[in-house]
Amino acid sequence: MRRLTKKQRRNLIRILVSAGLLLAVEILCLTKVLPEPVYIRLPLFLVPYFLVGYDVLRKSVLGIAHGQLLDENFLMTIATVGAMAIGEYPEAVFVMLFYQVGELFQNIAVGRSRKSIAALMDIRPEEARVERDGGEAVVSPDEVAVGEVVVIRPWEKIPLDGVVIEGTSDVNTLSLTGESAPRDVAAGDEIVSGCVNGAGLLRVRVTKPFGESTVSKILELVENSQTVKSRAENAVTKFARVYTPAVVGLAVLVALIPTLITRDLHWVKTALIFLVVSCPCALVISVPLTYFAGIGAASKQGILIKGANYLEALANTDTVVFDKTGTLTEGSFRVSSVRPAAGFEAERLLAIAAAAERNSNHPIARSLAAAAGDTAEAITVHSVEELAGMGVRAVANGQTVLVGNARLLAAEGIAPPDDLGAVAGTVAYVAVDGVYAGAAVISDVCKADAAEAMRDLRAAGVRRLAMLTGDRAAVAASVAEELGLTDYRAELLPAAKVEAVERLLDEKQGTLAFVGDGTNDAPVLARADVGIAMGAFGSDAAIEAADVVLMDDKPSSIARLLRVARRTRRIVWENILFALAVKIGFLVWNLFMPNMWAATFADVGVAVLAILNASRAGK
Amino acid sequence: MKKSYSLIDLDCANCAAKMEKNIKKIDGVNDATVSFLAQKLILDADDTRFDEILAAAVAAIHRVDADCQVKL
């Protein structure tokens, strides 16, 4: 009760009071307490009738004035006035009463699902503390200019995108990704609006105006997603346009022809029941409501969908094409294996290599340092010499150390072991005092859930999984093998990627989804039936080009997305078929055994069940 | 130009569909969406005559449901 709006509560009371009155008058009639004549009984039935239906009557009059003849209020008015005219007073009140029950229920259900989106809107920051004139001013985030400094206190929402200039904290992405994942930030790190600050105080230099910030983009996306219609919704709307006039036409025929022939009024009753069943609203509302719930369910898991049509298309996914770097792999380089030569230890080898590369800022040096950790610090290094295009030479703990590529070893006359030629990744060879000591292989690693994601997608019935990459063939082959992919193409320039996708589009049977990290995949994301961008943090291009945005970096989210899409589609069809079956069933049944109570009950019941079923998609 | 307006007391999904259909027929409208769930009108129309077209769209909405208000 408390969750209802004022208007809903008023309607509920109106329905309950009218129902009580109807029951009381009906009992008085049945027990024959009330005398028979119409002029006594009819006014008593009119009290609950007007109480529960005055707004419908008013709207139907306004509708006629505007030429809206097949308006649902008008149909209800005709049906109930007609029922009164043939002496079916309680039925007339009951039809109006139940119609209102259905309306109220629908209203509540729609309000609920709108609220679930509103909960998502909760990420909208209300205010920002900006440093101005030596103090802090609390302003709306859209009044903060780029370059200004905002102060974010512990546990506050981050109002704008920016770079931390002072302070350390951990920010939580829960509200954006649906998963609680605190991320440490310190001076120099970029932070994204919509996240929630942890326990530290941060000073942040704003890098984007509010209108272009991540949180604005996400909110805009979520808001717009409600207005994009699915094909199913358009089809049902079109059907409703034919259905209502057809049923009303039938009602007119049923009222006129048999009545004129048989002079029996019971055909009029059948015709009135047709009018009751002619309202297509349950059907029309259940489709968008279901997609809405499905989109809501996905967004709770950090999957933002730009419209019902994409969720609809995804239910039919037959081909999923992946970009490699940053999508299936981490996109950052790490030491993936260390291969010491005989007589050397892996840990020692890494420490020496990292120490020799200590002063370099090359990605290889950084990944060596990350892998070696503290062990490299104990080693003293001097006489470091950069050998352009080959590597470094240094004296570490008194030993001459070489770290570099195969050409470096060749130049020094050291024979590299030949088994490393085909390794997928960059090899850093290490030699100590002129003797080959081993090698570290540095490569991008597959995301932890990538292999599982491929299995899940296959299990979900995706016929074809493919990978397209600009990377070298050897690297692509190794990733493909690790993930169990047989369908891949490597060394593709961006234009060639589009061509490759076009070829796959020709061969697909259902929907083709392309998954990329968004930074340089925009043309392909746009070309695919459904473009899915991953790891949308800070990447505007991704949010704009894609149809679906994954807030987290996990390929396994795609299988989850497909499950939501399939489930939503199933519920949509359940509702359409169920509502149609009941409506048509009652139309036929009423030709033989007209019963207004049953027809009204069934019609509203179907609407209520369809709405309840639709909300299942949100779970 | 494309603009979005909130609708208050848009009570029925079928009415929303009718409004959308009628607004789309107005001369100068490139595209229109009336979303029952979002309670919104999104109107994409000719820049030069936008106000005039908007007034026609509001009238079309009132013809279907006299109680539905457009928040301008």
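Predicted model: local features only at pLDDT ≥ 70, side-chain atom pairs only at ≥ 80, totals over all residues.
Chain A holds 20 helices and 22 strands. For its 619 residues the globule rule gives 25 Å, but the radius of gyration is 34 Å, well over that value, so chain A is more spread out than a compact globule. The C-alpha trace spans about 120 × 65 × 40 Å along the principal axes of chain A. As for burial, 46% of the 619 residues of chain A count as buried; here a residue is buried if 20 or more other C-beta atoms lie within 10 Å of its own. Contacts within chain A can also be sorted by how far apart the partners are in sequence. Of those between residues at least 6 apart, 65% join residues at least 24 apart.

The strands of chain A can be followed pair by pair. Strands of a sheet pair through backbone hydrogen bonds, in either a parallel or an antiparallel sense. Strand 4 of chain A covers residues 162–166, and two bridges link it in the antiparallel sense to strand 7 of chain A, residues 190–191. Strand 4 of chain A also pairs with strand 9 of chain A, residues 202–206, again antiparallel and over four bridges.

Another group of strands in chain A makes an open sheet of three, in the order 6-5-8, with antiparallel pairing. Strand 6 (182–185) and strand 8 (196–197) of chain A each have a single partner strand and stand at the edges, so one side of each is left without a neighbour in the sheet. Strand 5 of chain A, residues 169–172, is joined to strand 8 of chain A by two bridges, and the two run antiparallel. Within strand 8 of chain A, Val196(A) stands opposite Asn172(A).

The last topic is the contact between the chains. Chain A contributes 18 residues to this contact and chain B contributes 14. On the chain B side, at least two residues each come from helix 1 (13–24), strand 2 (29–35), strand 3 (40–45) and helix 2 (50–64) of chain B. Helix 1 of chain B gives the largest share of that side, three residues. Sorted by class, the side of chain B that touches chain A has nine nonpolar residues, three polar ones and two charged ones.

Technical notes: Residues numbered from 1 in each chain as written. Chains lettered and ligands numbered in written order. Contact = placed C-beta atoms within 7 Å. Nonpolar A, V, L, I, M, F, W, Y, C, P; charged D, E, K, R; others polar. Pairing = 2+ DSSP bridges. Rg over C-alpha atoms; globule rule 2.2 N^0.38 Å. Buried ≥ 20, exposed ≤ 12 C-beta atoms within 10 Å, placed from the backbone.
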